[in-house]
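Welcome! Please take a look at the sequence and the structure below, and then read on for a short tour.

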Amino acid sequence: MTAATVLCIVGDSRSGSTLLQYLAATQWGVATAGELRRLPQLIRDRKACSCGAPVADCAYWRAVLEHAGIAPAALHAPPGGWHQRRGELAGAATLAGVPRRLARMAAPDAAALADQYATLHGALAGVSGARVVVDSSKDIGQALVLALQARLAVRPVFLFRDGRAVIHSQVRRTGIDVGLAVRHWVRLTRSMLLMRRIAGARGVTVMYEDLCARPQAALTALLAPFGVEVQLRDPPPPSEPMHFLGGSPGFTVTSVELLAPDEGWRTSAPPALLGTFEALAGPLNRRLGYGA
Ligand SMILES: [Zn+2]
């Protein structure tokens with residue numbers, strides 16, 4: 001059996017990663033991690049897996065760690081700060097063609113972290129027999145750091161959604177300042193477009209609205225190249241508990257047929273929010289194809 005491919009979702013929060021991961025998880029041959037980068041923290045804080053059990057006690061994650069040969073206490077946490085930044089730059093350099101060996105030497109701690117992620121992804125594939133592992137950490141830094149390892153093929157999945165919907169949803173959910181949220185969205189979207197350019201054919205793009213409108217086609221485009229035959233059934237069958245890390249607890253899809261993008265912002269986003277968005281991010285949003 002060939003080694004699994006890791007699909008590493010990159011995108012802002014409220015962009016549809018939970019939906020994408022959920023639909024992928026219903027397919028044979030796909031293992032899903034959720035936000036893998038949070039594994040050490042979730043174990044330490046005794047936070048719950050999506051199956052309901054604390055991650056530290058969840059039989060699935062215990063099996064993955066055992067398969068990986070990593071004791072929970074030995075998990076590296078993402079470093080943050082300057083170390084994180086150096087690892088991201090080294091990963092970006094690798095994507096751009098700098099020899100991996102040199103990039104690893106420049107950021108040894110990030111290289112060790114990348115190896116650990118690859119071991120965990122490999123173990124996820126190992127315990128489930130999957131060909132594809134979906135990591136929805138969403139973090140661009142993690143996707144860059146993963147370029148420092150060569151054990152598993154990693155494909156960044158750039159998940160985009162109309163920025164007006166993203167900001168409306170974030171503000172409604174967390175009360176975050178509109179300007180702050182829009183500026184973050186602009187920075188992240190620019191970084192994603194830059195990374196997509198350097199990743200070239202290795203990158204995959206998914207538009208949330210497209211996923212909702214044509215889930216079978218969108219999922220096939222994403223998974224078929226890696227040997228997964230997509231068969232969406234209605235209702236989608238979570239035949240066993242799913243074991244996502246982080247994300248939205250209790251998320252479920254009742255009908256694939258009736259999936260529709262949440263376009264609530266069109267009727268309920270305050271004009272001031274849309275005005276701020278247009279001033280700071282309108283042209284970038286149109287560049288993604290979101291005009292009307
Ligand atoms: Zn679980």
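## How buried is a residue?

A residue counts as buried if 20 or more other C-beta atoms lie within 10 Å of its own, as exposed if 12 or fewer do, and as partly exposed in between, with C-beta atoms placed from the backbone. The model you see is predicted, so local features need pLDDT of at least 70 and side-chain atom pairs count only at pLDDT 80 or more, while totals for chains, interfaces and linings use all residues. Residues are numbered from 1 along each chain as its sequence is written.

## A first stop at Ala68

Let us begin with Ala68, which lies in helix α3 (residues 59-68). Helices (H or I, at least four residues) and strands (E, at least two) are DSSP runs, numbered from the N terminus. Ala68 has 19 other C-beta atoms within 10 Å, so it is partly exposed.

Which residues does Ala68 touch, not counting residues up to four places away in sequence? They are Thr119, Leu120 and Ala123; two residues are in contact if their C-beta atoms, placed from the backbone, lie within 7 Å. The C-alpha atoms of Ala68 and Tyr117 are separated by 9.9 Å, and these two residues are 49 residues apart along the chain.

## The sheet

Strands of a sheet pair through backbone hydrogen bonds, either parallel or antiparallel. Here, five strands form an open sheet with parallel pairing, in the order β2-β3-β1-β4-β5. Two strands pair if DSSP finds at least two bridges between them. At the edges are β2 (30-34) and β5 (204-207), each pairing on one side only. From one strand to the next, the twist averages 25°.

Now follow β1 (residues 5-10). Five bridges join β1 to β3, and the two run parallel; Val6 stands opposite Val133 in β3. With strand β4 (residues 153-160), β1 pairs in the parallel sense over six bridges, and here Leu7 stands opposite Arg155. Six of the six residues of β1 are buried, so this strand is largely enclosed by the rest of the structure. Thr5, Leu7 and Ile9 point one way, Val6, Cys8 and Val10 the other.

Five of the five residues of β2 are buried. Both of its faces are covered, with Val30, Thr32 and Gly34 on one side and Ala31 and Ala33 on the other.

Finally, turn to helix α8 (residues 163-174) and helix α9 (residues 178-199), whose axes come within 10 Å and cross at roughly 135°. Axes are lines fitted to C-alpha atoms, for helices over the stretch in contact, and angles run from 0 to 180 degrees between N-to-C directions. α8 and α9 are therefore oblique to each other: angles under 35 degrees count as roughly parallel, over 145 as roughly antiparallel, 65 to 115 as roughly perpendicular and the rest as oblique.

Which residues meet in this pair? Gly163, Val166, Ile167, Gln170 and Val171 in α8 meet Val178, Ala181, Val182 and Trp185 in α9.
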